[in-house]
Amino acid sequence: MQPLVEMRDISKSFGGVRSLDGVSIDLQPGEVVGLLGHNGAGKSTLIKVLSGAYSADSGQIFLEGKEVKITSPRSSQQHGIETIYQNLALADNLDVAANIFLGREILKNGSLNEDQMEIEAKKVLDRLKVNIPNLKLPVYNFSGGQRQCIAISRAIYFKARVLIMDEPTAALGPQETAQVNELIRNLKAEGVGIFLISHDMHDVFNLCDRVTVMKNGKVVGSCKTKDVTEDEVLEMIIAGKKPRVLRDQA
Amino acid sequence: MQKTTPSSNPNSGNLFSRLQLDGRLIFMVLTIAIIWVIFNVLSEGIFLSVQNLWNLSVQTASVGVMVSAMVLVIVMRHVDLSIGSILGFTGMVMAVVNARVFPPDAAWNAWATLAVGLILGGLIGAFQGAWVAYLSVPAFIVTLGGLLIYRGGAWLVTEGQTVGSLTNSFQVFGGGVGGSIGAIPTWIIGAILLAYVLVNDVSNYLKRQRNNLPNRPMWVQIIVTGLLVLLIFGFIQIMNGYKEPQTEVSRGMPVPVLIMLLTSALMIWVVRSTRFGRYIFAYGGNPEAARLAGINTKLLTTVVFAIMGVLAGLAGAIQTARLGAGTNSTGTLAELSVIAAAVIGGTSLSGGVGSIPGAFLGALLMSSLISGLVLLGYNSAWQQVVQGLVLMIAVLLDVLYNRNRPR
Ligand SMILES: Nc1ncnc2c1ncn2[C@@H]1O[C@H](COP(=O)(O)OP(=O)(O)OP(=O)(O)O)[C@@H](O)[C@H]1O
Ligand SMILES: [Mg+2]
């Protein structure tokens, strides 16, 4: 099957640090791929290349088989890629609706349609069943979990083909995490492809069809979750050791 | 004003925010009222005379024109130290163009002169903004350089000579002889302002109610709207209360005050109702978030500095026209009054927070202090001392205010 996303041989250095070294990764429609690795492995850097936040030094990106040049966050969005960043990327001084619609405001006769945005924001937050009492407050008033839900709402409001989630549930309580996991399943059923970065093995095995493990800016391997055990994945992350399925293939 | 900007409402739980009022604006209005009363007592009733208030409005115009752009610059975590020099340089160029280049009796002269000043100011601002945005040189340094360059430039245009004999049509921009619009146009402007406030407040209230969005209590809305209406009435009375000498003919609103009102209205609209304004605040709150949301933050920065330059050019026209001559020292230290006005008005130096109505009140507060000191016979050295102290106190208030705020 034609992959929805294919990143081929991506490299990226910051000064002397080689954060990505010839990384290749792919994603099918309706597939959830877990992106795993130790801290500093290069996961966030890789997805930021896809979301247009960074431009790669070398490598190619294909969407449904066609090569695309992603030169800015805007061009990534225009290709139907939505991203929830690890640091959330919220403007703390703006209210909830302003953040959800940042860069893609609803206009009416050329000026901002604040009321409409507030109504739509309410709808999408209700879908996540988050409790945010006053949408007119600047978002620094809210807890880490509430802010995370706002960032998630922003990504799902704009009906993505590809959704990138960089540790989306890191600050969430059990109930909200369950809500987000439910959401991931729903989006997957709608055919959205999802990259999920997480350190929670349990969630990864629950949600992901496949895991891709990175270490020191390189891909260790990629395999179906049903073919590996949690211990094998941990070994991939910590020691960079390939699991049995991949060794058998070789 | 009836609605705070998205960001000027930082404290959440208190009475003011529950009533959706901007506590800082109310505090400023009260401060200005107290200052006015004190000066009025000390000057034995002269300060609050119609004539003095009318003059005060003219004295506020130059800073009032520039301060709205300074709010945007500071909201974006930058500063512009060069505006006094841009004011002087553009003023000098306009004086030369008006008196020596364009034919003095041509009807288009004044407008063409103004256009030259605004375009020149805009180009200078965009140039400095590009240094900040694309070359990543701190705005403090770029505009400090600009402060020297354009002050030097103002001298070089005429080797330091003062350029006099500006056309009467150009001097209208300064509000001198023939520089007021008369009683009836002033009333028309007042009526437009009133109609706008009433229609806007009522329709906003009803629309939010219809859409089931939270509103402030009805009685608060009535008081806020009522006070605004009174304020506009009082303002129009003052504008029309000042008569031409030995007649009963009202002068009406001075042209520079009209210019200040128009620019402020335009800038308030930009901040509240356009994407551009929204992006400025988003950038101030979190530059990286703005970039990741797909906003062209470099262009945004350049345009904001360009607007600052245009308004410095506009203030240059007002001041030069008011003096009736171009001098190379016009606008010296204006940047400090403007920055002080913005900060007093609640624009936070840490970025992301600021309101144009607040800055406008800040400008009024500064010019009230100066005007009062002049009335009481203190010389310009004392005015500088007071201005400096007020700036420091304003920043101190900002620091204290931000301490209670998570970041
Ligand atoms: N903007 C940057 N400038 C310099 N170095 C960077 C930058 N972004 C990432 N790096 C470096 O790239 C490497 C990979 O970082 P990255 O954030 O991708 O790791 P990660 O896998 O997401 O880790 P974590 O699990 O902690 O989020 C690190 O060594 C980091 O220091
Ligand atoms: Mg990361």
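Modeller: An oxygen atom of ligand 1 sits 2.8 Å from a polar backbone atom of Gly40(A). Keep in mind that this is a predicted model, where local features need pLDDT of at least 70, side-chain atom pairs count only at pLDDT 80 or more, and totals for chains, interfaces and linings use all residues. Residues are numbered from 1 along each chain as its sequence is written, chains are lettered from A and ligands numbered from 1 in the order in which they are written, and side-chain values use heavy atoms, with hydrogens and water left out.

Colleague: Which side chains have a polar atom by an oxygen atom of ligand 1?

Modeller: Lys43(A) has a polar side-chain atom 2.7 Å from an oxygen atom of ligand 1, and Thr45(A) has one at 2.5 Å from an oxygen atom of the ligand.

Colleague: And how many residues are around ligand 1?

Modeller: There are 14, and those that come nearest are Ser19(A), Gly40(A), Lys43(A), Ser44(A) and Thr45(A). To be near, a residue needs a heavy atom within 4 Å of the molecule.

Colleague: Lys43(A) and Thr45(A) again. Which residues of H1(A) are buried?

Modeller: Lys43(A), Thr45(A), Leu46(A), Ile47(A), Lys48(A), Val49(A) and Leu50(A). Buried means under 20% relative accessible area, exposed is over 50%, and partly exposed is in between, using a 1.4 Å probe and protein chains only. Helix H1 covers residues 43-50 of chain A, and 7 of its 8 residues are buried, so the helix is largely enclosed by the rest of the structure. Helices (H or I, at least four residues) and strands (E, at least two) are DSSP runs, numbered from the N terminus. Just after H1(A), Gly52(A) takes a positive phi of about 85 degrees.

Colleague: OK, on to the strands. Why is S10(A) called largely enclosed?

Modeller: Strand S10 runs over residues 193-197 of chain A, and it counts as largely enclosed because 5 of its 5 residues are buried. In a regular strand the side chains alternate between the two faces of the sheet. Here Gly193(A), Phe195(A) and Ile197(A) point one way, Ile194(A) and Leu196(A) point the other way, and all are buried.

Colleague: Which strands does S10(A) pair with?

Modeller: S3 (residues 32-37) of chain A pairs with S10(A) in the parallel sense over 4 bridges, and S9 (residues 162-166) of chain A pairs with S10(A) in the parallel sense over 5 bridges. Two strands pair if DSSP finds at least two bridges between them. Gly34(A) has Leu196(A) as its bridge partner, Ile164(A) stands opposite Phe195(A), and Asp166(A) stands opposite Ile197(A). From S9(A), the chain crosses through helix H6 (residues 174-189) of chain A to S10(A), a right-handed β-α-β crossover. Right-handed here means that, with the strands pointing away from the viewer, the path from the first strand over the helix to the second runs clockwise.

Colleague: What about S9(A), is it mostly covered or exposed?

Modeller: Mostly covered, with 5 of its 5 residues buried. Val162(A), Ile164(A) and Asp166(A) lie on one side and Leu163(A) and Met165(A) on the other. S9(A) also pairs with S6(A) in the parallel sense, over 4 bridges, and Glu82(A) stands opposite Leu163(A) there.

Colleague: Switching topic: what does Ala89(A) touch?

Modeller: Leaving out residues up to four places away in sequence, Ala89(A) touches Arg154(A), Asn286(B), Ala289(B) and Leu292(B). Contact means heavy atoms within 4.5 Å. Ala89(A) lies in the loop between strand S6 (81-84) and helix H3 (96-100) of chain A, and it counts as buried because its relative accessibility is 3%.

Colleague: Which side chain does Glu114(A) make a polar contact with?

Modeller: Arg278(B), side chain to side chain, at 2.7 Å. A polar contact is a pair of N or O atoms within 3.5 Å; within protein, one must be able to donate a hydrogen and the other to accept it, and residues adjacent in sequence count only if both atoms are side-chain atoms. Glu114(A) is in helix H4 (residues 114-127) of chain A and is buried, at 15% relative accessible area.

Colleague: Last one: where does pLDDT stay under 50 in chain B?

Modeller: Over residues 1-12. pLDDT is the predictor's confidence in each residue, from 0 to 100. Where it is low, the predicted coordinates should not be read in detail. For chain B the mean is 90, and 94% of its residues reach 70 or more.
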